[in-house]
Amino acid sequence: MSKLGSNHRVNGDRLWRSLMEMAQIGPGVRGGNNRQTLTDEDAEGRRLFTKWCEAEGMSMHIDSMGNMFARLEGEDPSLDPIMIGSHLDTQPTGGKFDGVLGVLAGLEVVRSMRERGIKTKRPIEVVNWTNEEGTRFAPAMLSSGVFAGMHTQEWAYEREDADGKKFGDELKRIGYVGDEPVGARKLHAMFELHIEQGPILEIDEKDIGVVTHGQGLWWLQVTLTGKDSHTGSTPMPMRKNAGLGMARITELVHQIAMENQPEAVGAIGHCDVYPNSRNVIPGKTIFTIDFRSPHQDVLDGMKAKLEAQAPDIAAELGLEIEIEAVGHFDPVTFDEGCVSAVRAAAERLSYSHRNIISGAGHDACWINRVAPTAMIMCPCVDGLSHNEDEEIFQTWATAGADVLFHAVLEYAGIVQDASEPAE
């Protein structure tokens with residue numbers, strides 16, 4: 001079996017046109033997208049994806065979580081396929097590329113193969129994972145999590161959105177409850193292309209991020225209870241200020257993250273203050289700490305230090321404290337062989353590259369538990385994502401798809417390449 005030569009590239013113009021056409025479904029208010037999972041817009045995007053795949057001679061298979069697998073048969077159909085993909089759903093104010101690039105770049109790999117008369121030993125499947133964003137039905141990466149055995153389907157079907165609508169009911173409503181049992185489909189390996197969602201690649205002027213690890217996380221919900229009282233008439237020494245306690249713990253979170261540089265991060269992104277009145281000292285605060293690290297010992301160490309020191313802050317201020325773990329997944333180490341294939345592809349194509357750690361969760365993080373997996377990242381302007389102003393350049397998308405093309409075909413095994421002269 002041969003390898004692709006460096007002259008083999010995808011059609012970047014065609015990929016870009018596909019991205020722009022998909023972006024017309026569920027448009028946002030200022031250039032982005034609102035194509036949340038299991039909405040009518042999501043169903044329309046799925047139908048367009050199906051139309052494109054069937055035009056390339058691919059068969060579409062859907063499992064009971066609505067995950068879509070478009071299959072291009074290989075020379076040996078009995079072999080487990082190479083999967084390529086990501087997700088088509090977006091944030092309520094999402095961009096045109098988060099997730100979508102990975103799915104449509106997978107389609108472009110197949111289009112480029114057929115255009116060049118390339119056939120592989122293993123089948124190739126382009127996958128759209130349902131509800132990666134988790135913005136409508138929590139948690140994120142829900143359906144890939146069920147596929148990988150991290151959640152049960154029954155539990156997933158009962159997830160409710162803000163209007164009380166259940167995941168299972170909405171999946172049925174849009175017509176995407178497939179006959180295939182979730183998790184029954186086997187795979188040899190998976191590759192996911194994604195925008196970085198951070199500024200590192202752009203700052204370093206690198207074309208490609210070779211993703212070696214994914215950060216694990218702990219979400220710790222803290223409840224501080226003091227006493228709400230008048231801001232003007234309560235003497236300072238007599239106050240039980242839950243707002244002050246939250247402020248000091250916020251500083252502690254920052255300190256803990258800084259002590260574990262260069263790769264650890266920590267912040268408080270969510271908070272509720274009660275009674276939230278201008279002239280009342282807060283008697284209660286509820287907030288969530290987000291700690292992340294690609295190293296298990298560091299991640300657990302940050303959690304342990306917070307749990308040890310936050311109660312001291314509360315006691316000093318006369319506050320009661322409760323700390324509850326409300327979210328967690330372990331750090332991910334992506335498969336060495338798949339990662340090496342990505343790196344070798346970037347070098348063969350003369351794209352600048354660097355190792356990078358994914359700061360966000362992705363479907364590949366769950367699939368890595370059941371099959372060898374790797375991720376490829378391309379830059380995004382100013383590192384901005386989950387925002388309608390999210391932007392990438394066509395050259396960045398093309399470079400990522402080129403590397404995906406080479407890495408995937410190496411794993412799938414090339415048995416015919418009509419675009420190369422016979423030896």
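**Reading a pocket and its annotated residues**

Mentor: The largest pocket has a volume of about 1,300 Å³. We are looking at a predicted model, in which local features need pLDDT of at least 70 and side-chain atom pairs count only at pLDDT 80 or more, whereas totals for chains, interfaces and linings use all residues. Residues are numbered from 1 along each chain as its sequence is written, and side-chain values use heavy atoms, with hydrogens and water left out.

Trainee: How is a pocket read, and which residues lie nearest the centre of the largest pocket?

Mentor: Rolling a probe the size of a water molecule over the atoms shows where empty space is left. On a 1 Å grid over the protein atoms alone, a pocket is an open set of points where a 1.4 Å probe fits, with protein on both sides within 12 Å along at least five of seven lines, and lining residues have an atom within 4 Å of a point. Grid points are joined across faces, edges and corners, and the volume is the space filled by probe spheres set on the points. Here 41 residues line the largest pocket, and L217, R292, G359, A360 and G361 lie nearest its centre.

Trainee: Which elements give two or more residues to the lining of the largest pocket?

Mentor: They are strand 8 (216–225), strand 12 (284–293), strand 13 (320–329) and strand 15 (353–358), where helices (H or I, at least four residues) and strands (E, at least two) are DSSP runs numbered from the N terminus. Strand 15 gives the most, with five residues. By residue type, the lining divides into 17 nonpolar, 16 polar and eight charged; Ala, Val, Leu, Ile, Met, Phe, Trp, Tyr, Cys and Pro count as nonpolar, Asp, Glu, Lys and Arg as charged, and the others, Gly among them, as polar.

Trainee: Which residues does the UniProt annotation "binding site" cover?

Mentor: In the unreviewed UniProt entry, that annotation covers D98, E133 and H386. These residues span 289 residues in sequence, yet no two of their C-alpha atoms are more than 9.6 Å apart, so they gather at one spot. The lining of the largest pocket includes D98, E133 and H386. UniProt positions are given in the numbering used here, feature names are shortened, and annotations may be inferred rather than shown by experiment.

Trainee: Does D98 count as buried or exposed?

Mentor: Buried means under 20% relative accessible area, exposed over 50%, and partly exposed in between (1.4 Å probe, protein chains only). D98, in the loop between strand 3 (82–86) and helix 3 (100–116), counts as buried at 4% relative accessibility. H386, in the loop between strand 16 (373–378) and helix 12 (394–412), counts as partly exposed at 40%.

Trainee: What is the side chain of H386 in polar contact with?

Mentor: A polar contact is a pair of N or O atoms within 3.5 Å; within protein, one must be able to donate a hydrogen and the other to accept it, and residues adjacent in sequence count only if both atoms are side-chain atoms. The side chain of H386 makes such a contact with the side chain of D98 (3.2 Å). Leaving aside neighbours within four places in sequence, H386 is in contact (heavy atoms within 4.5 Å) with Q91, T93, D98, E133 and Q197.

Trainee: Where is D382, which has a positive phi although it is not a glycine?

Mentor: D382, with a phi of about 60 degrees, is found in the loop between strand 16 and helix 12, and D382 is exposed, with a relative accessible area of 63%.
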